[in-house]
Amino acid sequence: MLVQPAVGLLLATYVSALPSRQKPFDFKKLKALVAFGDSYTYVQGLLGHTNYTYIGDEFNISFTPQELFSNRIVQNQTGTAEGGPNWVEYLTNCGVEPGFHDPRKCKIELWDFAFAGADISTTLTPLHHNFTVSLERQIEQFVRYGNPALSPHITKKHTLVALWIGINDINDLAKQQPKNTSFAPLYENLQIQQFSLVQKIYDLGYRQFLFMNLPPLNRNPAPAVNASTVATFNSILASHATAFQSSHPDTRILQYDANSVLNDVLDDYAQYGYKNVTSFCPGYNQPDIAINPSKYGCTPLDTYFWYNSGHMTSKTHEVLAGFLGKWLGVKSQ
Ligand SMILES: *[C@@H]1O[C@H](CO)[C@@H](O)[C@H](O)[C@H]1NC(C)=O
Ligand SMILES: *[C@@H]1O[C@H](CO)[C@@H](O)[C@H](O)[C@H]1NC(C)=O
Ligand SMILES: *[C@@H]1O[C@H](CO)[C@@H](O)[C@H](O)[C@H]1NC(C)=O
Ligand SMILES: *[C@@H]1O[C@H](CO)[C@@H](O)[C@H](O)[C@H]1NC(C)=O
Ligand SMILES: *[C@@H]1O[C@H](CO)[C@@H](O)[C@H](O)[C@H]1NC(C)=O
Ligand SMILES: *[C@@H]1O[C@H](CO)[C@@H](O)[C@H](O)[C@H]1NC(C)=O
Ligand SMILES: *[C@@H]1O[C@H](CO)[C@@H](O)[C@H](O)[C@H]1NC(C)=O
């Protein structure tokens, strides 16, 4: 089980030494971002489950093309799990302003099938709610409804598929399993599942993928995991992503080290205007928090790295998306 990623790593090193064989990617020409994941990535849609999705839920993952295109991204205080625009919205500049947004009117269209509270599947961890759409079911929804609707409309060559998943998996496993559990085999199992789902998107003709690794969950206000556990998860993710690149040379696999970038931001927090990177404002979701943070004993929310015990503020998503956008530019070739 461990042999394949190690071989993949060697092959990837070989491939990257021959840039002419690397599949081109051009961020400037990007026309659409298709996103999967959890609450870090989900955006509210008018046809979504309130506080959880852009469209549908586990009781009904279906939609028609007309419904998908009539749907709108909602941007307001509850339009994401971050109190404001999140990384996919900042990266695409789609849905950032308050109000309703038609993704087709954005220069980079954002098609978001992430579900707040999602794990990869129900094999190792249960659904958070009976309406939760796991990554496995997000991909099924995309295969059955999303791709058929989008295929005539978007150019796959200029579409990036982004996956950011594992935050709930690592936390749920840490809470469920005894402390002496050997987690690495469980993370291996999760990545085998994730990449069999990625294969399904590949089979539809998508060739450009972005993988975000786990943020520094060990530094959040109520950590369930430590730095070495997060590092183990991320290295297993990286070896699977690298192996997928090797076994699918016609793809461009982009692996973004969100963990290092966010750790650096935490270390140099004052430079980004943060005042508080260890805790969160208790009144974070109050309707008047933006105009009256002092009522809750807080400075403005954008002086906090963390929005609540498990999520980063919209400001942190903006900082992250800024770095990511520059990196995608550098990776364009
Ligand atoms: C959505 O989240 C907001 C903020 O936490 C909360 O006030 C509201 O009650 C939630 N709505 C539903 C329908 O659960
Ligand atoms: C599922 O959701 C779609 C889109 O909102 C709707 O058109 C359809 O009627 C729903 N199906 C059921 C069985 O509720
Ligand atoms: C955000 O917009 C949605 C859709 O109109 C609405 O249901 C929700 O209550 C709004 N949230 C806030 C905080 O106004
Ligand atoms: C989903 O869970 C809720 C709350 O636990 C419950 O009331 C509801 O009956 C469940 N729905 C279905 C279809 O199982
Ligand atoms: C981190 O957590 C893992 C899993 O619970 C544990 O085995 C390990 O000893 C911890 N490491 C440190 C440095 O605390
Ligand atoms: C973990 O600890 C429990 C008791 O705390 C013990 O019964 C179990 O055998 C241990 N498991 C491993 C894999 O060491
Ligand atoms: C961070 O914010 C929390 C909540 O407002 C507060 O209790 C804590 O004292 C703050 N820490 C720092 C270093 O300002």
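This report walks through a ligand site, some ring pairs and a few backbone spots in a predicted model.

## Ground rules

Residues are numbered from 1 along each chain as its sequence is written, while chains are lettered from A and ligands numbered from 1 in the order in which they are written. Because the model is predicted, local features need pLDDT of at least 70, side-chain atom pairs count only at pLDDT 80 or more, and totals for chains, interfaces and linings use all residues; side-chain values use heavy atoms, with hydrogens and water left out.

## Around ligand 7

Start with the shell of ligand 7: Asn276, Ser279, Phe280, Pro282, Gly297 and Tyr304. To be listed there, a residue needs one of its heavy atoms within 4 Å of the ligand. Tyrosine 304 puts a polar side-chain atom 3.2 Å from an oxygen atom of ligand 7. For reference, a polar contact is a pair of N or O atoms within 3.5 Å. Taken alone, ligand 7 exposes 360 Å², and the protein buries 46% of that (Shrake-Rupley areas with a 1.4 Å probe).

By type, the shell splits into 3 nonpolar, 3 polar and no charged residues. Here Ala, Val, Leu, Ile, Met, Phe, Trp, Tyr, Cys and Pro count as nonpolar, Asp, Glu, Lys and Arg as charged, and the others, Gly among them, as polar.

## Ring pairs

The whole structure holds 25 aromatic pairs. Rings of Phe, Tyr and Trp (its six-membered ring) pair if their centres lie within 6.5 Å; planes under 30 degrees apart are stacked, over 60 edge-to-face, and the rest tilted. Take phenylalanine 115 and phenylalanine 131: their ring centres are 6.3 Å apart with the planes at 50°, so this pair is tilted. (Helices are DSSP runs of H or I with at least four residues, strands are E runs of at least two, and both are numbered from the N terminus.) Phenylalanine 115 and phenylalanine 131 are both buried, meaning under 20% relative accessible area; exposed is over 50%, and partly exposed is in between (1.4 Å probe, protein chains only).

Phenylalanine 209 and phenylalanine 244 go edge-to-face, at 6.2 Å centre to centre and 75° between the planes. This pair links distant parts of the chain, 35 residues apart: phenylalanine 209 is in strand S8 (residues 208-212) and phenylalanine 244 in helix H7 (residues 227-247). Phenylalanine 209 is buried at a relative accessible area of 0%, and phenylalanine 244 is buried at 5%. Elsewhere, Phe36, Phe63, Phe113, Phe142, Tyr145 and Tyr206 make up one aromatic cluster.

## Lysines over rings

Lysine 315 has its charged end over the ring of tyrosine 274, 4.8 Å from the centre. Lysine 326 lies over the face of phenylalanine 323, at 5.8 Å from the ring centre. The test is NZ of Lys or CZ of Arg within 6 Å of the ring centre and within 35 degrees of the ring normal.

## Backbone spots

Asparagine 51 is not a glycine, yet has a positive phi of about 75°. Asparagine 51 is in the loop between strand S2 (47-48) and strand S3 (55-56), and is partly exposed at 40% relative accessibility. Asparagine 93, also not a glycine, has a positive phi of about 55°. Its loop runs between helix H3 (87-92) and strand S5 (99-101), and asparagine 93 is exposed at 58%.

Note on methods
Polar contact = N/O pair within 3.5 Å; in protein donor to acceptor, adjacent residues only side chain to side chain.
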